[in-house]
Amino acid sequence: MNDDQLLRYSRHILLDEFGIEGQERLLAAHALVIGAGGLGAAALPYLASAGVGHITIVDDDDVDLTNLQRQIVHTTANVGRPKVESAREAMLRINPDLDIQLVPRRVSDAELGPLVAQADVVLDCTDNFVTRHAINRACVAHRVPLVSGAALRFDGQVSVYDLRQPDAPCYGCLFPPSVPAPEAACASMGVFAPLVGMVGTVQAAEALKLLSGVGRPLAARLLMVNALTMEWNEMRLARAPDCEICGGA
């Protein structure tokens, strides 16, 4: 690290658990963030400010006026522009030393595999089960830890799925792909603005812990929050032996 970086990241370096070694691991790390909407908009600025050196953002959507109630990385001036471009501009204003790659389209399963394989951690900030299952399959195949979040109305959840750990479950253990799941979107159901920030920043924290080797990740645990009552609950997760994705892995 140069002198500017030592100063920029000094509050991380002062943490005994983190130190220079942890910060250097962040600078050398590569995070893949899929989704630059509500969850991604909360997670991305913290990945940038914390110094994750290489970040790839995948999103095919443009900024819409209805996004601005909660997607705080975007601004009114960016309405109509690709979300990935809007997010990158905001992140580089925070930290200009980052390498940020953009994928401004919906990626196929064939494209997803190589993207995941190049990453050290994947943040699933999407809003539909089809995409979540595709991301999980790629993470299981390439043994890349997945930080998955969801937020709708007043309810949010986040977990880490890391098959590098013995007996760790994958996303499919909790939500089997063959079981029909009701698709609900913010456009029809609504979402409490700060909720996506609460979930997205937890995703960022878990990603930073995984990349730096600091602390205990939220693996094999599902953290749930009801922002209407401000109640947090945790559920232990186990690998499903008959899981369609990772069973017997």
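Student: Where is proline 241 placed?

Tutor: In this predicted model, proline 241 sits in the segment after β8, which covers 231-236.

Student: Buried or exposed, that proline 241?

Tutor: Proline 241 has 72% relative accessibility, so it counts as exposed.

Student: And how are proline 241 and cysteine 173 separated?

Tutor: Along the chain they are 68 residues apart, and 8.4 Å separates the C-alpha atoms of proline 241 and cysteine 173.

Student: Switching to the sheet. What is the order of the strands?

Tutor: The sheet is open and has eight strands, in the order β3-β2-β1-β4-β5-β6-β7-β8, with mixed pairing. β3 (99-103) and β8 are at the edges with a single partner strand each, so one side of each has no neighbour in the sheet. On average, neighbouring strands are turned by 15° against each other, direction ignored.

Student: What holds strands of a sheet together in general?

Tutor: Strands pair through backbone hydrogen bonds, in either a parallel or an antiparallel sense.

Student: Back to this one. In which sense do β1 and β2 pair, and over how many bridges?

Tutor: Parallel, over five bridges. Histidine 30 is opposite histidine 54 in β2.

Student: What about β1 and β4, how many bridges there?

Tutor: Four bridges, and the sense is parallel; β1 is residues 30-34 and β4 is residues 121-124. Alanine 31 has valine 121 in β4 as its bridge partner.

Student: How many residues of β1 are buried?

Tutor: Five of the five, so β1 is largely enclosed by the rest of the structure. His30, Leu32 and Ile34 point one way from the strand, while Ala31 and Val33 point the other way.

Student: Which helices lie across β1?

Tutor: Helix α4 (residues 38-50) is one of them: it lies across β1, β2 (54-58), β4 and β5 (146-152), at about 165° to β2. Helix α6 (residues 109-117) lies across β1, β2, β3 and β4, and runs at about 145° to β1.

Student: Now the core. Which residues touch the most other members of the largest nonpolar core?

Tutor: Leu47, Ile55, Ile57 and Leu123, out of 46 residues in that core. Helix α10 gives the most to this core, with ten residues.

Student: What does isoleucine 55 touch?

Tutor: Leaving out residues up to four places away in sequence, isoleucine 55 touches a list that includes His30, Ala31 and Val33, along with Leu44, Leu47, Ala48 and Met91. Leu98, Asp99, Ile100 and Gln101 are also among the residues touched by isoleucine 55.

Student: What does the second core include?

Tutor: The second, separate core has 21 residues, among them Leu32, Ile34, Val103 and Tyr171.

Student: You mentioned α10. At what angle do α3 and α10 pack?

Tutor: Helix α3 (residues 19-27) packs against helix α10 (residues 193-212) at about 105°, with the axes 8 Å apart. The two helices are therefore roughly perpendicular to each other.

Student: Which residues meet there, α3 with α10?

Tutor: From α3, Gly22, Arg25 and Leu26; from α10, Leu208, Leu211 and Ser212. The residues of this contact divide into three nonpolar, two polar and one charged.

Student: Last one: threonine 131. Where is threonine 131 found, and is it buried or exposed?

Tutor: Threonine 131 is in helix α7 (residues 129-142). Its relative accessibility is 18%, so threonine 131 counts as buried.

Student: What does threonine 131 touch?

Tutor: Arg106 and Thr126, if residues up to four places away in sequence are not counted.

Key
Residues are numbered from 1 along each chain as its sequence is written. This is a predicted model: local features need pLDDT of at least 70, side-chain atom pairs count only at pLDDT 80 or more; totals for chains, interfaces and linings use all residues. Side-chain values use heavy atoms; hydrogens and water are left out. Axes are lines fitted to C-alpha atoms, for helices over the stretch in contact, and angles run from 0 to 180 degrees between N-to-C directions. Angles under 35 degrees count as roughly parallel, over 145 as roughly antiparallel, 65 to 115 as roughly perpendicular and the rest as oblique. Contact means heavy atoms within 4.5 Å. Ala, Val, Leu, Ile, Met, Phe, Trp, Tyr, Cys and Pro count as nonpolar, Asp, Glu, Lys and Arg as charged, and the others, Gly among them, as polar. Buried means under 20% relative accessible area, exposed over 50%, partly exposed in between (1.4 Å probe, protein chains only). Two strands pair if DSSP finds at least two bridges between them. A nonpolar core is a set of buried Ala, Val, Leu, Ile, Met, Phe, Trp, Tyr and Cys residues joined through side-chain atoms within 4.5 Å.
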